[in-house]
Amino acid sequence: MEPQIPQAEAAPAHPPLESLAARPLLDPDYEARPAVFYDELRAEYGPVAPVDVLGVPVWLVIGYPQTLEILRDTRGVWSRRVDSWRAYREGTVPADWPLLPVVEAGNCGFRDGADSTRLRSAWSEGLRPFQDRSRPEAKALEEAVRRYADELIDVLGENNGRAGTADLAAQYARPLPLMVVGRLLGTGPDDDDGLIADLWRVMDAGPDAQEASARLLARMSEVCAARIAAPGQDLPSFMLAAVPDLTAEELAVEMAMMTGLVGDVTGTLICNTITEVLIGETGARDSVSAGMVQEAINRASTANPPMANLALRWPRSDVRIGRFQIAAGDPVMVSPAAAHLDPAFTGNAAPDSIYSSRAHLAWSAGPHACLGRDLATTITTVAVERLFERFTGLRLALPPDRLDWRTSPLIRGLRSLPVDYELAGEPSRPAPAAPETGEDPQEADGAETEPASLARRILRAMRLSQG
Ligand code: HEM
């Protein structure tokens, strides 16, 4: 592959980013048809384009080879520390810029070098029991996800009838991974309603998102302090065992990130995969019919990666990308969603192939690549499998071009997924399972207990948080 960042070549003279970024990333064109938006940018600017992200000028990288090279960062050019941002150091980033809490969060996504390595090793060791399928925790988690999926489908059938219309985002794809969050944290469902309600407020970036976010972090601090005092068989305890000098504060910040990655991003992938199957244009339906759910997930990840654009990176020195010279400390957002539409990427794929390209960048790549990919894939696979096993009929209740997408510079996900459905057979009665940490044994045995069922509690908490 030819080098994508020919730094030696003289850059054409052009004004700085601040005077170039005219086109807003978030406009109705982008939300409704991001592919058209990215294609227009590509035609006008090439593989990198100056855009305005909620009032802040940013370079948006839309070429596939350029995105891959930046993510791999083999030359050590790219920093993720917010203090690498020139405008931030100079105090010219507006204090109320909505993405500031993301880039200032201080979690492992925004660390460099040894700091990043230390936190990443806590993550990979901490997640291992849940991701290595030979481990009992991973098997128990997979069984729990299946049980949660069945509970949610049972509740949907009881509330909406054996056939009718439903919102699979609100009634299935979002609550399911939220049920996993409490399990990973080792908290029982008994005291989880507040956490879930707050997580939901943060996800929807509503008027009380800041307060909810502060409460979420405070709640994570409590959980992590308890795990430090008395470790258990949960993610924070396993991370701590791997890196014993992790402080309660560090652990809390990572767990706050986890609630977003499991609760929001994984829910988005479930929703996007179901949608891709129901639209049926990219072969995802054939993949599910052939029993290849992971292939359907691949196709959905290519068509609509949940993390469409990745929060900022900054070059340590000037770099040339395409037609532009990116100055050291300029903010750069790479876009897996746009990269997947680059002819350099799409040109290699046979459109009717039953196997999609696995070279997609939905999990990122390189030193900051996703560490929870196997966990997210397991949750999504079970969710999609159970759905298509339990519903005999499932159709979009709207034409695909009328689906309502969230307004977000980072996430590509639906606000709602309205479907017409028919349910097969009787409600599930899963086999008894061992009680989970802190979980009411009555719930763990799968019995549909009114009103204590975990599914009902989560759905109720979600309604409360939206009300
Ligand atoms: C469908 C769900 C998920 C998707 C699409 C996804 C994708 C990604 C992407 C694109 C990144 C890079 C972000 C960036 O560079 O700005 C990332 C980072 C990360 N992901 Fe995931 N992720 C998912 C779920 C999860 C889950 C469930 C976990 C763990 C519980 C997880 C753990 C991580 C961690 C720790 C990082 C930070 C790595 C670093 O910066 O060094 N992810 N993920």
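Me: How many residues surround the ligand, and which are the closest?
Reply: In this predicted model, the ligand is surrounded by 24 residues. The closest are Leu269, His368, Cys370, Gly372 and Ala376.

Me: Which elements give two or more residues to that shell?
Reply: They are the helices α7 (113–131), α14 (248–279) and α19 (373–390), together with the strand β6 (310–315).

Me: And which one gives the most?
Reply: That is α14, which contributes 6 residues to the shell around the ligand.

Me: How do the shell residues divide into nonpolar, polar and charged?
Reply: The shell around the ligand has 17 nonpolar residues, 6 polar ones and 1 charged one.

Me: Changing topic: what about the whole chain? How many helices and strands are there?
Reply: The chain contains 21 helices and 11 strands. It has 467 residues, of which 46% count as buried. Among contacts between residues at least 6 apart in sequence, 72% join residues at least 24 apart.

Me: Why is Pro129 counted as partly exposed?
Reply: Pro129 has 17 other C-beta atoms within 10 Å. A residue is buried at 20 or more and exposed at 12 or fewer, so a count in between makes it partly exposed.

Me: Which residues does Pro129 touch, leaving out those up to four places away in sequence?
Reply: Pro129 touches Arg135, Glu137, Ala138 and Phe238. As for Leu141, 12 residues from Pro129 along the chain, the C-alpha atoms of the two are 9.8 Å apart.

Technical notes: Residues numbered from 1 in each chain as written. Predicted model: local features only at pLDDT ≥ 70, side-chain atom pairs only at ≥ 80, totals over all residues. Near = placed C-beta within 6 Å. Helix = DSSP H or I, 4+ residues; strand = E, 2+ residues; numbered from the N terminus. Nonpolar A, V, L, I, M, F, W, Y, C, P; charged D, E, K, R; others polar. Contact = placed C-beta atoms within 7 Å.
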